[in-house]
Amino acid sequence: MSTTRPYPPGDLGPEPGSAGASAAPAAATPAGQVRRLRLAGTRGAVARGRDFARQALHDWGWLPAAGADQRAAAEDVLLVVSELVTNACLHAEGPEELRLRCSAKVLHLEVSDLGTGQPAPRSPHRPGRPGGHGMFIVQRLCLDWGVVRNSDGTGKTVWAELAGPS
């Protein structure tokens, strides 16, 4: 279901040396800050989710991007938010909430919904066909992703983690 990496969720391992240090100053990324956007019953959930994520990236110093790597990292976040919210709209009666949590190394995002389905990349992936690319994109862009079922049996949270700008 998810990718494999050598560190637990939320950890990218040891800090890199001073060469190639992050373009975003550490103070611009408040460790552990969580942003929440209620999406239940709203119209335009995908656009609202992207706008909300874009504003968080501005507030956390990812945007405006200082270079190509930072711009790519921010665009990846916005694309993954779009894909997860779209999947909740198409396959799970709509999203309930979008949550973003930022640390110096990782951006963790979650989309909760009331659906019973299990998101997974289509296999085999067929790039030339329309549709069915969302979770493939998520899998390719993210450090890790997964699904957590709600303890009461109603719905789930699909989460993904992306590397911060380097």
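**Hairpin, sheet and helices**

Biologist: Which residue takes a positive phi in the hairpin of E4 and E5?

Modeller: Gly-153 does, with a phi near 85°, in a hairpin that has 6 residues between the strands. Helices (H or I, at least four residues) and strands (E, at least two) are DSSP runs, numbered from the N terminus. This is a predicted model, in which local features need pLDDT of at least 70 and side-chain atom pairs count only at pLDDT 80 or more, while totals for chains, interfaces and linings use all residues. Residues are numbered from 1 along each chain as its sequence is written, and side-chain values use heavy atoms, with hydrogens and water left out.

Biologist: How many bridges join E4 to E5?

Modeller: E4 (residues 144-149) and E5 (residues 156-163) run antiparallel and are joined by 6 bridges, with Val-148 standing opposite Thr-157 in E5. Two strands count as paired if DSSP finds at least two bridges between them.

Biologist: And what is the order of the strands in the sheet?

Modeller: The sheet is open, with 5 strands in the order E1-E2-E3-E5-E4 and antiparallel pairing. E1 and E4 stand at the edges with a single partner strand each, so one side of each has no neighbour in the sheet. From one strand to the next, the twist averages 15°, where axes are lines fitted to C-alpha atoms (for helices over the stretch in contact) and angles run from 0 to 180 degrees between N-to-C directions.

Biologist: Which strands does H1 touch?

Modeller: H1 packs on the sheet and touches E1 and E2, its direction making about 160° with that of E1; contact means heavy atoms within 4.5 Å.

Biologist: Which residues of H1 are buried?

Modeller: They are Ala-45, Gly-49, Phe-52, Ala-53, Ala-56 and Leu-57, buried meaning under 20% relative accessible area, against over 50% for exposed and in between for partly exposed (1.4 Å probe, protein chains only). Seen down the axis of H1, these buried residues fall within an arc of 140°, so they line one face of the helix; the arc is that of the directions from the helix axis to the C-beta atoms. Their cover includes E1 (33-38), H2 (68-91) and E2 (95-102).

Biologist: Switching to H3, what covers its buried residues?

Modeller: The buried residues of H3 (residues 134-141) are Gly-134, Met-135 and Val-138. They cover an arc of only 90° around the axis, which puts them on the same side of H3, and what covers them includes H2, E4 and E5.
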